[in-house]
Amino acid sequence: MSDVVAASTLSLGLSLTAVALAAVPGIPLAAALGLARGRRRDALLVAARVAMSFPTVVVGLLVYGLLSRRGPLGGLGLLYTPTAIVAGEVLLALPLIVALGAAAVGALDPRFRDTARSLQLGAVRTARLAVGEARDGFVAALLVAFARCVTELGVALLVGGNLRGSTRTLTTAIALETSRGDFAHGLALGAVLVAVAVLVNLVVAVGFRGAAPR
């Protein structure tokens, strides 16, 4: 039971950290792209959408190459640490936040842009207002990013190493127990992972209900 709690706590902590770090540049970039027009904006959105579909094992390989001894960041000694997993999960979360957030801003009523222009609001203030108007879309983007991070296996396994008490997440624990032939234990861990996802969605749903105007 202690191993399950440790793996669950680590999975939640790493995923929340990764999404929070990805949101710092991701939300402003999404707002800017959602409000912009032109070929450069279209190219950036295409790149974000392509990155959304990258298999987690490919992202794990890229991070592994950077952090391995022969990699450019090998001297930092981050391979097989929680920090390495967070770095990989940030790369998973960022394109999701950018692409989905930009879509939410782009779907705003066209009168929003006209009003902002008529009031001569600056780009930064307009972007802030756009994020507020598209709040539901950004929350959905953050949820999708969190779900991708907490359920991924490739990054955690390749750059985390599945070290007990250090980098063993729920997904790597499931893979380990299944490889040992302990399918029942792996299935139980899978149920914990599903329960975590359901709980997060319930919390958000209750939050939206409480914030809804009456």
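The following questions and answers concern the predicted model shown above.

Local features are taken at pLDDT of at least 70 and side-chain atom pairs only at pLDDT 80 or more, while totals for chains, interfaces and linings use all residues. Residues are numbered from 1 along each chain as its sequence is written, and side-chain values use heavy atoms, without hydrogens and water.

User: How many helices and strands are in the protein chain?
Analyst: Helices (H or I, at least four residues) and strands (E, at least two) are DSSP runs, numbered from the N terminus. From that end the elements run α-α-α-α-α-α-α-α-α-α. The count is ten helices and zero strands.

User: Which residues touch the most other members of the largest nonpolar core?
Analyst: A nonpolar core is a set of buried Ala, Val, Leu, Ile, Met, Phe, Trp, Tyr and Cys residues joined through side-chain atoms within 4.5 Å; buried means under 20% relative accessible area, exposed over 50%, partly exposed in between (1.4 Å probe, protein chains only). The largest core has 32 residues; those touching the most other members are Val-19, Ala-93, Ala-145, Val-159 and Leu-189.

User: Which elements each supply at least two residues of this core?
Analyst: The core has 32 residues. Its suppliers of at least two residues each are α1 (2-35), α3 (56-67), α4 (82-106), α7, α8, α9 (170-179) and α10 (183-211).

User: What is the nearest side chain of opposite charge to Glu-152, and how far away is it?
Analyst: Glu-152 sits in the loop between α7 (135-151) and α8 (154-160). Lys and Arg count as positive and Asp and Glu as negative, with His and the chain ends not counted. A salt bridge needs a side-chain nitrogen of Lys or Arg within 4 Å of a carboxyl oxygen of Asp or Glu. Glu-152 is buried and has no salt bridge, the nearest side chain of opposite charge being Arg-148, at 8.1 Å.

User: Which backbone nitrogen does the side chain of Glu-152 reach?
Analyst: Leaving aside neighbours within four places in sequence, Glu-152 is in contact (heavy atoms within 4.5 Å) with Thr-56, Glu-89, Leu-92 and Thr-171. Its side chain also reaches a backbone nitrogen at 2.8 Å, that of Val-155.

Definitions and conventions:
A polar contact is a pair of N or O atoms within 3.5 Å; within protein, one must be able to donate a hydrogen and the other to accept it, and residues adjacent in sequence count only if both atoms are side-chain atoms.
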